[in-house]
Amino acid sequence: MCYVPVSVLIVDDHAGFRARAREMLGSAGYHVVAEAADGAGGIGAARRVRPGVVLLDVQLPDISGFEVARVLLADPCPPVVVLVSVREAVDYGGLIERSGASGFVTKSDLTARSLSVLIGRAS
Amino acid sequence: MTRRPVLLAVLAGVAAAAFQALTPYLPWGWYRPVPMNWLLPETAVGVSFVAAGVAGMVRRPASRVGALMVATGLAWFAPTVGFLIPLGIFWSLSINFGSLYLVLLAQLFVSFPTGRLRTRWDRGVVAGAYAWYVLSNVAGALTWNPVWPGVRLWQHNVFYAFGSPRLNDVIGTAGDVGAVVFAVVVAGTVVRHWVRASKPGRRALAPVLWATAPTGAWVILDQLNNRVLTGARLDHAIHTLGYLVLTTLPFGFLVGLLRVRLGRVAVENLVVELGGHAGPPAGLRQALARALGDPSLQIFYRVPGLGGGEFVDDAGRPAALPGADSARSVTVLDRDGAPIAALVHDPALEGEPELLESAAAAARLAIDNERLQAEVRAQLREVRASRARIVEAGDRERQRVERNLHDGAQQRLVTLSMALGMIRDRAGTYAPGDLAGDLDEAIGELRGAIGDLRRLARGIHPAILTNEGLGAALESLAARCPVPVAVRCQAARCTEAVEVTAYFVAAEGLANVAKHAHATRATVTVTQNGAGIRVEVADNGAGGVCTETGSGLRGLADRVAAIGGTFSIQSTPGRGTRLTAELPGDAR
């Protein structure tokens, strides 16, 4: 098995979560190229490093993850956006559908495998 | 009013008038033959002022207008008396300061009908007139030494220092111009009073308003006389006008003063009307307004213990009474020495305290009734407002709990679950030391989550309070406070609602001490207070706290009020803060 590592940007205001996710994704062959702690920083980093995947927390201190997703997906060459949250999908009603994101994972269910399923579905 | 001032006024008036009338017949008097066309009107002016003033003092003792008129009459006589005393100082005072009666006249016009100067403008006009009188006459006294040949009693002006005819002319002109200006300003002020007065005020002011024009005209003509206008006939005409105006004027004031009376009939009607009074509060106001002849009358009810002012209107809204500087008057109605209501009315009614008194007495029962209703309305408003605030506070609290769970324990547990998942995935490949390190990290997250949950649970309800009582719960609060806290709890156990409220008073108080007060020590004291308890949280910090500044304290006040307690804050900047809650012992 041989593939080019997928580059990932992690946007989440909890440093503990970012560290764990980086470790987990790294060990599964993903390449975490950048981290951001809020929405504005996430948009800036995405435009700078052009990641293949953005792992995006819904509840950010400045703007909501849905808003960040809308901005990122409006770019001409958008990344695959995967939303994450401590809450469950059902807590957000139809917002996840409408955001245009490729998928949503509850943080406690986040594994390298669940992420690659969503990415595979998107591409 | 005691009879003494009236008696004194009569004696002084009679003495001055007699002296004036006898002047020409005194052995050292200078009038030969006696000029009756001068003596009669000159005496009549002073006598009419004193007589009308005494009548005013007797009939309207609450008004100072009577006394002011007596003073004006005496001031009118004063220079004649002065001239007759063969001492230089009296002569000099009389020639230089004899026009005091004109300033008193200005004060009379401006302060009519109460005799009090109510607004800043009124006080300014009268103060200005006095200042001008002193200034121009002192200037004149220092620079003028008239020599009247043939006057037997002539004396030197003892104040004279220096002078020239030119200087005399300048000072004289300035004095006259000032008098004309003040005549116009005073007339304008009377017109302004008339325009702004309500019905009873206008009734009283009417005769004075009509008197303004001839009086002002005479003052102005008198100043122009011998300066711009000349001629003996004109001189004579102006003097005649002056005597006429000044003799009749006091009776104008007196008529105005007496017209404030509205009669007993009005109060009798009020009693009949209130007999059938059961309608809306506006009915009482209208009935009183009619009886007192003041459509602008307002009634405010005293409801102590509400936040802010003490008085409310009939809808229970907090209302501020007009201040001392206002153009409206306030009469506070008492019952057993304690104020129950305030009537805000036209100042003219102050001249008729008996009328106000009897109208208020007739309406007392209805007013008391209205006051109770206003109190209920005010309490209802307050309860509605506090209920809304309690609901809001509950929503905010739930939001805070959700936020705390989400940001704290939940995040830690998510991280823990990810960490454990990774440990499972790597289980076979661990080097011996690495596994322990990863597990330690996971345990750290777990302990953090447990700590977060513990703090949250304590904030929702302190279990130690239920199990161990208020004293133990307060000590545990004190132990967690970063500032040293001395706890003293000497109270029997109360219902849970009371103890929880006491606990949260202490918790919020200590949270504020830790966050804002910059204090070095604090005390929490719980003492028995009759059947209830009193909770005090005091610190030695910066002070300057009030319920308006923090929603926490506002919420605390609502919480205390909800179980029927009272809550107060004493917090002077630089002198620490003391929260006090008095709670009933048996609230549920």
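Mentor: Two residues are in contact if their C-beta atoms, placed from the backbone, lie within 7 Å. Keep that in mind as we look at this predicted model.

Trainee: Which residues is Val6(B) in contact with, leaving aside its neighbours within four places in sequence?

Mentor: Those partners are Val54(B), Met57(B) and Val58(B). Val6(B) itself sits in helix H1 of chain B, residues 4-22. Its C-alpha atom is 9.6 Å from that of Val70(B), 64 residues apart along the chain.

Trainee: Is Val6(B) buried or partly exposed?

Mentor: A residue needs 20 or more other C-beta atoms within 10 Å to be buried. Val6(B) has 19, so it is partly exposed.

Trainee: How do I read a pair of helices, say H8(B) and H9(B)?

Mentor: Look at the angle between their axes: over 145 degrees counts as roughly antiparallel. The axes of H8(B), residues 199-224, and H9(B), residues 232-259, come within 9 Å and cross at roughly 165 degrees. Therefore H8(B) is roughly antiparallel to H9(B). The crossing is left-handed. Among the residues making the contact are Trp218(B) and Leu221(B) of H8(B), and Leu249(B) and Phe253(B) of H9(B). By class, this contact has 16 nonpolar, four polar and three charged residues.

Trainee: Which residues have the most contacts inside the largest nonpolar core?

Mentor: They are Phe253(B) and Leu288(B), in a core of 82 residues. Helix H12 of chain B, residues 353-426, gives the largest share, 10 residues. Beyond four places in sequence, Phe253(B) touches residues including Ala52(B), Met69(B), Phe112(B) and Val208(B). Apart from this core lies another, of 37 residues, among them Leu55(A) and Val414(B).

How values were computed:
Residues are numbered from 1 along each chain as its sequence is written. Chains are lettered from A and ligands numbered from 1 in the order in which they are written. This is a predicted model: local features need pLDDT of at least 70, side-chain atom pairs count only at pLDDT 80 or more; totals for chains, interfaces and linings use all residues. Axes are lines fitted to C-alpha atoms, for helices over the stretch in contact, and angles run from 0 to 180 degrees between N-to-C directions. Helices (H or I, at least four residues) and strands (E, at least two) are DSSP runs, numbered from the N terminus. Angles under 35 degrees count as roughly parallel, over 145 as roughly antiparallel, 65 to 115 as roughly perpendicular and the rest as oblique. A crossing is left-handed if the near helix is turned anticlockwise from the far one by less than a right angle, and right-handed if clockwise. Ala, Val, Leu, Ile, Met, Phe, Trp, Tyr, Cys and Pro count as nonpolar, Asp, Glu, Lys and Arg as charged, and the others, Gly among them, as polar. A residue is buried if 20 or more other C-beta atoms lie within 10 Å of its own, exposed if 12 or fewer, and partly exposed in between; C-beta atoms are placed from the backbone. A nonpolar core is a set of buried Ala, Val, Leu, Ile, Met, Phe, Trp, Tyr and Cys residues joined through C-beta atoms within 7 Å.
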